[in-house]
Amino acid sequence: MIVLTEGFLWLIRFMIGACIFSFLNVVADRLPREESVVRGRSHCTVCGRTLGPLELIPCVSFLALRGKCKGCKTAIPKRCFLSECLGGAAFVCCGMKFGCGALGILSLGGAVVFCYIGILLVVALIDWDTQMIYDRFHILILLLGMASLWLFPQHGPVDRLIGALVIAVPMLLLTLLIPGAFGGGDIKLMAVSGWFLGCAPVICAMFFGILTGGTYAGVMLATKKLGGKDHFAFGPFLAAGLMIGAVWGDAIATWYLRFL
Ligand SMILES: [Zn+2]
């Protein structure tokens with residue numbers, strides 16, 4: 001019985017995360033078009049039909065509808081579904097890693113990390129579409145860093161300041177040497193994230209960012225979908241690395257340092 005209740009609670013937590021990220025997916029869609037993110041009910045962007053309540057259940061509706069609009073049968077973008085799954089998984093990971101707090105949903109520390117992952121999702125989606133990272137997201141992460149200074153005291157102010165510089169400064173120098181190596185938004189993202197995460201996790205994040213971004217570029221070059229001089233948005237890969245760094249950065253750094 002206890003196992004069942006516990007399992008049900010984790011399912012609820014997953015659905016909360018999926019609902020929030022489902023909304024963030026809409027935010028990422030509408031912000032670049034300067035549409036209101038709160039007004040307007042959810043609708044099919046092709047046939048304009050307003051979605052019914054059963055079509056709005058995160059993850060489940062997409063699978064039940066086999067990824068197609070009920071009215072016009074147009075394919076629903078897979079990234080809606082993937083964002084929802086990521087949100088659910090992020091909420092559960094934050095709960096497991098940082099505790100579920102007094103209310104049994106998510107601790108304050110976990111909520112701050114979950115917010116950070118949510119910002120990263122919006123940054124990644126907008127950067128993928130427009131190759132832009134808005135400064136308002138850098139400011140939000142900076143503010144979350146202030147909160148985490150108090151919530152995660154194991155990373156002191158000095159460690160965070162080093163974190164802000166350790167990746168961003170080499171990126172800046174490289175971009176001064178090779179214009180266009182990194183976008184200004186990417187450099188600022190790594191600076192504020194270093195302040196939020198601390199030194200070791202941001203280094204870990206950069207490692208995963210380069211690994212995933214490099215693999216993507218390699219595949220695109222090999223299949224001739226990108227030319228040698230083409231640019232692609234690096235933000236989504238940095239964001240993916242930063243998500244890993246936010247939850248497991250310290251653990252990975254501790255594990256790695258054992259070998260030195
Ligand atoms: Zn439709």
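Q: At what angle do α8 and α10 pack, and how far apart are their axes?
A: First, a caution: this is a predicted model. The angle between α8 and α10 is about 5°, and their axes are 11 Å apart. That makes the two helices, α8 and α10, roughly parallel, since an angle under 35 degrees counts as such.

Q: Why use those two numbers, an angle and a distance?
A: Because two packed helices are described by the angle between their axes and the distance between the axes.

Q: Which residues of α8 meet α10?
A: G185, D186, L189, M190, S193 and L197. On the α10 side they meet G235, L238, L242, G245, A246 and G249.

Q: Is α8 largely enclosed or open?
A: Largely enclosed by the rest of the structure, because 13 of its 14 residues are buried.

Q: How far does α8 reach, end to end?
A: Helix α8 covers residues 184-197 and reaches 20 Å from its first C-alpha to its last. That is close to the 20 Å expected at 1.5 Å a residue.

Q: What comes just after α8?
A: G198, with a positive phi of about 100°.

Q: New topic. How do the axes of α4 and α5 cross?
A: They cross at roughly 165° and come within 10 Å. Angles over 145 degrees count as roughly antiparallel, so that is what α4 and α5 are to each other.

Q: Left-handed or right-handed crossing?
A: Left-handed, as α4 passes α5.

Q: Which residues meet there?
A: From α4, they include L108, V112, Y116 and I119. From α5, they include F137, L140, L144 and L151.

Q: Now α3. Which of its residues are buried?
A: Among them are S83, E84, L86, F91, C94 and F98.

Q: And what covers them?
A: The cover includes α1, α4 and α10.

Q: How many residues does α3 have, and how far does it reach?
A: It has 21 residues, 78-98, and reaches 30 Å from first C-alpha to last. The expected value at 1.5 Å a residue is 30 Å, and the reach is close to that.

Q: What follows α3?
A: Just after α3 comes G99, which takes a positive phi of about 90°.

Q: Last one. Which domains does the chain have, and how far apart are they?
A: The domain assignment gives domain 1 (1-106) and domain 2 (130-260). The C-alpha centres of domain 1 and domain 2 lie 26 Å apart.

Notes:
Residues numbered from 1 in each chain as written. Predicted model: local features only at pLDDT ≥ 70, side-chain atom pairs only at ≥ 80, totals over all residues. Domains from an automatic or database assignment. Helix = DSSP H or I, 4+ residues; strand = E, 2+ residues; numbered from the N terminus. Expected span 1.5 Å × (residues − 1). Buried ≥ 20, exposed ≤ 12 C-beta atoms within 10 Å, placed from the backbone. Contact = placed C-beta atoms within 7 Å. Axes fitted to C-alpha atoms, helices over the stretch in contact; angles between N-to-C directions. Parallel < 35°, antiparallel > 145°, perpendicular 65-115°, else oblique. Left-handed = near helix turned anticlockwise from the far one by under 90°.
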